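Here is a short walk through one protein model.

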Amino acid sequence: MPVISTLLLAQGHDLLAQSHGLLAQGPDWIKFDVDSFLNQFWSDTIDGLAYGAIYALVAMGYTMVYGVLQLINFAHSEVFIVGAYAVFFTLSALGFGTSAPNLGIAALIGDLVLAMLVAMLVSGLVAVLLERVAYRPLRRRNAPRLAFLITAIGASFAIQYAIFAWRGPNPEPAIIMFRPEPVFDIGGVIITSQQLVIFVAAIVLMIVTDVFVNRTRLGRGLRAVAQDPDTATLMGVNKERVIVLTFLIGGILAGAAALFYMMRVPAGAQFNGGFILGIKAFAAAVLGGIGNIRGALLGGLLLGVIGNYGATLFGNGQWIDVVAFVVLVAILMIRPTGILGESLGRARV
């Protein structure tokens, strides 16, 4: 996968420059604090799993499109951020604002489910529109893969700056959905309601997606196209329908991730807010095995946890990305296909 290797190398150069910048700012940036790492190990693990679940949901969109089309859809990060705006506008219309609403449990759950469904719908429609406008004409002309990659990057910037022209450069006002409350205390580690909601809901969505791909008729068609599109077409599988379905599922998962992201980052709706998260999600897909749905889950969770460990160990949150990507590169040097390394087309039923 030379394109992926080139992109990771470029990202590695950026991270190396970032690490040089951190080092240049003096010894305060280098705090190899083992005591803090050990004391915060479990709290960092729980918090990292919550963030990692968000990465994993977005990573599944990358990995499914790559598994079917061998395409790195870099505009997927903008599909995600459009979902974040859908969450913002839906919750704003429902009366949410900069302080937690005074609602009962049933009403709060109903509002959050509605916001998630709207975000799923909007992100899914944007993903399908992206496939129809940007990628389908290239497929019909048998364009080279490089043309798809350039188009994906161009589409990403086009959506990003369309949002910029519409909403401006500043993030939208914060939306507080609810105050995190302690739910469990395990060995002195507090698990909050927010962390629990994000992790459990994301895992359920990923299990449903995995079951759909591996146990349903449409899922079998999707895997058949991923394995051999020409043979699948001869066997009666509608390849174009499968491709649209793939983009739709990826968009739906990105919309769900947008709700959970806005829980953690209340002012997360910003025109370029999906860029860094999209890079991390793509890295998670590569880490687990690009084209592997379960690999995206594993890669996302690992990336979230490893980043938190690095930030605590080195004493500064800006080390999160550096440590996570260094670990990614180290693992790929040992296992270039990722941890699981099984493509969508060869996924076992």
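The side chains of glutamine 160 and glutamate 78 are joined by a polar contact of 3.2 Å. A polar contact is a pair of N or O atoms within 3.5 Å; within protein, one must be able to donate a hydrogen and the other to accept it, and residues adjacent in sequence count only if both atoms are side-chain atoms. This is a predicted model, in which local features need pLDDT of at least 70, side-chain atom pairs count only at pLDDT 80 or more, and totals for chains, interfaces and linings use all residues. Residues are numbered from 1 along each chain as its sequence is written, and side-chain values use heavy atoms, with hydrogens and water left out.

Where does glutamine 160 lie? Its place is helix α6, residues 145-167. Helices (H or I, at least four residues) and strands (E, at least two) are DSSP runs, numbered from the N terminus. Glutamine 160 counts as buried because its relative accessibility is 6%. Buried means under 20% relative accessible area, exposed over 50%, partly exposed in between (1.4 Å probe, protein chains only). Leave aside neighbours within four places in sequence, and glutamine 160 is in contact with Glu78, Phe271 and Asn272. Contact means heavy atoms within 4.5 Å.

Now take the whole chain. The protein chain has 13 helices and 2 strands. It has 349 residues, and 50% of them count as buried. Take the contacts in the protein chain with a separation of 6 or more: residues 24 or more positions apart account for 80% of them.

Next come two helix pairs. Two packed helices are described by the angle between their axes and the distance between the axes. Axes are lines fitted to C-alpha atoms, for helices over the stretch in contact, and angles run from 0 to 180 degrees between N-to-C directions.

Helix α3 (residues 41-69) packs with helix α10 (residues 239-264) at about 165 degrees, their axes 9 Å apart. So α3 is roughly antiparallel to α10. Angles under 35 degrees count as roughly parallel, over 145 as roughly antiparallel, 65 to 115 as roughly perpendicular and the rest as oblique. The α3 and α10 crossing is left-handed. A crossing is left-handed if the near helix is turned anticlockwise from the far one by less than a right angle, and right-handed if clockwise.

The second pair is α4 (residues 76-93) and α11 (residues 274-288), whose axes come within 8 Å and cross at roughly 125 degrees. That angle makes α4 oblique to α11. Their crossing is right-handed. Ser77, Phe80 and Ile81 of α4 make the contact with Gly274, Leu277 and Gly278 of α11.

Histidine 76 also lies in α4. Is histidine 76 buried or exposed? Histidine 76 is buried, because its relative accessible area is 3%. Beyond its neighbours within four places in sequence, histidine 76 is in contact with Val58, Gly61, Tyr62, Gly250, Gly251 and Ala254.

Two loop residues complete the tour. Glutamine 70 sits in the loop between α3 and α4. Its phi is positive, about 55 degrees, although glutamine 70 is not a glycine. With a relative accessible area of 33%, glutamine 70 is partly exposed. Asparagine 142 lies in the loop between α5 (105-140) and α6. Asparagine 142 is not a glycine, yet has a positive phi of about 50 degrees. At 68% relative accessibility, asparagine 142 counts as exposed.
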